[in-house]
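Welcome, and please open your viewer. We will go from one selection to the next and look at what is there.

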Amino acid sequence: MVCRHIKGRGISDPRVLEAMAAVPREAFVGAVQARRAYADGPLPIGEGQTISQPYVVAWMAEAAEVGLGDRVLEVGTGSGYAAAVLGRLADAVYTVERNAVLAQAAAERLRELGCDNVKVRHGDGNQGWSEHAPYDAIVVAAAGPAVPGALRAQLRKGGRLVIPVGGRWATQRLVRERRRESGEITCEELGMVRFVPLVDEVC
Ligand code: SAH
């Protein structure tokens, strides 16, 4: 999977490739889906949600320029797969999931797999996780109409925020915002993507 779908599509950061090779994706999907775990597509994880496509997980991790000593915030834990990948790249990962069933399942799974530097919280990720801010990198795995202000506020100077922006049915753009040393925010468009919506309600 790493060779064909990740490296083959242009991901070159050796640390990202190592992390993608090390995290067993089949452990994050149910037994029924396990044989499809290494195809490059999203898969259902229950509660109407999906585990992200491996290429997109790698792309976002590379785009967020996650370094060894970094503190990372992820919004949209889902299965916990992307959080586990980010956990291999960073010092600590804080991930927020709005769906209680998914949050609890992901926390248990990450504990069983020994991903001790990943912490899961049930809540609205639009608000970030202020207790552990500021973050060197913020990765959002659901698409909102705009970049939530609370997330921008929790970004350290020099930090990167990677988020899909766009409507529910519209095309979405993957965007990277960077907080410069001056405090100013700059924004780049990385490409077109398709994510589930970033919603406000917690369930
Ligand atoms: N990164 C995940 C895939 C995430 S799918 C993985 O690797 O498996 C997107 C997730 O974002 C869904 O689980 C959805 O419930 C969650 N989500 C949507 N809006 C949210 C919000 N406001 N706060 C936190 N999580 C949210």
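A charge counts as sitting over a ring if NZ of Lys or CZ of Arg is within 6 Å of the ring centre and within 35 degrees of the ring normal. Keep in mind that this model is predicted.

**Stop 1: a charge over a ring.** Select R25 and Y81. R25 lies over the face of Y81, and the distance to the ring centre is 5.6 Å.

**Stop 2: aromatic pairs.** A pair of aromatic rings is described by the distance of the centres and the angle of the planes. Searching the whole structure gives four aromatic pairs. Are F28 and Y81 buried or exposed? Both are buried.

Now select Y55 and W59. Their rings are stacked, 5.8 Å centre to centre with 25 degrees between the planes. Why are Y55 and W59 about one helical turn apart? Because they are four residues apart in helix 3 (residues 54–63). Both Y55 and W59 are buried.

The charged end of R9 sits over the ring of Y55, 3.9 Å from the ring's centre.

Next, select Y94, W129 and Y135, which form one aromatic cluster.

**Stop 3: the cavity.** The structure has one cavity of 30 Å³ or more. About 30 Å³ of space lies in the largest cavity. To see its lining, select D13, R15, V16, A61, E62, E65, V66 and L89. Helix 2 and helix 3 each supply at least two of the lining residues. By class, the lining has four nonpolar, four charged and no polar residues.

Stop 4: The largest pocket holds about 940 Å³ of space. Select T50, A141, A142, F195 and V196: of the 46 residues that line the pocket, these are the closest to its centre. Elements that give two or more residues to the lining are strand 2 (49–51), helix 3, strand 3 (71–75), helix 4, strand 4 (92–97) and strand 9 (185–193). Which element gives the most to this lining? Helix 3 does, with six residues. Colour the pocket lining by class, and you will find 25 nonpolar, 14 polar and seven charged residues.

Key. Residues are numbered from 1 along each chain as its sequence is written. This is a predicted model: local features need pLDDT of at least 70, side-chain atom pairs count only at pLDDT 80 or more; totals for chains, interfaces and linings use all residues. Side-chain values use heavy atoms; hydrogens and water are left out. Rings of Phe, Tyr and Trp (its six-membered ring) pair if their centres lie within 6.5 Å; planes under 30 degrees apart count as stacked, over 60 as edge-to-face and the rest as tilted. Buried means under 20% relative accessible area, exposed over 50%, partly exposed in between (1.4 Å probe, protein chains only). On a 1 Å grid over the protein atoms alone, a cavity is a set of points where a 1.4 Å probe fits but cannot get out, and a pocket is an open set with protein on both sides within 12 Å along at least five of seven lines; lining residues have an atom within 4 Å of a point. Grid points are joined across faces, edges and corners, and a volume is the space filled by probe spheres set on the points. Ala, Val, Leu, Ile, Met, Phe, Trp, Tyr, Cys and Pro count as nonpolar, Asp, Glu, Lys and Arg as charged, and the others, Gly among them, as polar.
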